[in-house]
Amino acid sequence: NLFRDNPIQFNWLLADIAASDSKCTIAYWHDPRWSIGTQGDEPAMQEEWEALVSAGVDIFLGGNDHNYQRWEPLGVDGALDPTGPVQFVVGSGGHGIRPFAPGESDANPRVAEASDSLDAFGALFLDLHDDHADAAVHRP
């Protein structure tokens, strides 16, 4: 785990988020905490996820799984929580689209929108406003 292996970086992240007076905070790194893709959930990121939730982060961006997933707001345990961050898994601009893990689909109640078909190629655009963010996927 990158952050636990580098406590200076992890402590910087926590201090930077705590010092922010922004109305909207976005955090990102490669591995998402939760994923319905074949790479699956990343339990090693739990401590970081808990820190983001506790700090009031609004949006989390991750990759790793080569598909598109927009999750409902989630709490520290991954359960639906209207005050938690919205997580995006956007691995849809790379070398190929991977299917969701067997038994997983966009029918998962914690997932707001997802695609693992060839039309999933594209990029996420976030339009940030004072009180909300609009997300749109642009596909070729």
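Trainee: In what order do the five strands of the open sheet stand?

Mentor: Please note that this is a predicted model, in which local features need pLDDT of at least 70, side-chain atom pairs count only at pLDDT 80 or more, and totals for chains, interfaces and linings use all residues. Residues are numbered from 1 along each chain as its sequence is written, and side-chain values use heavy atoms, with hydrogens and water left out. Strands (E, at least two residues) and helices (H or I, at least four) are DSSP runs numbered from the N terminus, and two strands pair if DSSP finds at least two bridges between them. Here the order is E1-E2-E4-E3-E5, with mixed pairing. Strands E1 (26–28) and E5 (111–115) each have a single partner strand, so one side of each lacks a neighbour in the sheet.

Trainee: In which sense do E2 and E4 pair?

Mentor: Strand E2 and strand E4 (residues 86–90) run parallel over four bridges; Gly-62 has Val-89 in E4 as its bridge partner.

Trainee: How is a pair of aromatic rings described?

Mentor: One gives the distance of the centres and the angle of the planes. Rings of Phe, Tyr and Trp (its six-membered ring) pair if their centres lie within 6.5 Å; planes under 30 degrees apart are stacked, over 60 edge-to-face, and the rest tilted. The whole structure holds two aromatic pairs. Trp-49 and Phe-60 are edge-to-face, at 6.1 Å between centres and 85° between planes. This pair joins helix H3 (residues 46–55), which holds Trp-49, to strand E2 (residues 59–62), which holds Phe-60.

Trainee: Which residues do the ring pairs link into a cluster?

Mentor: The cluster consists of Trp-29, Trp-49 and Phe-60.
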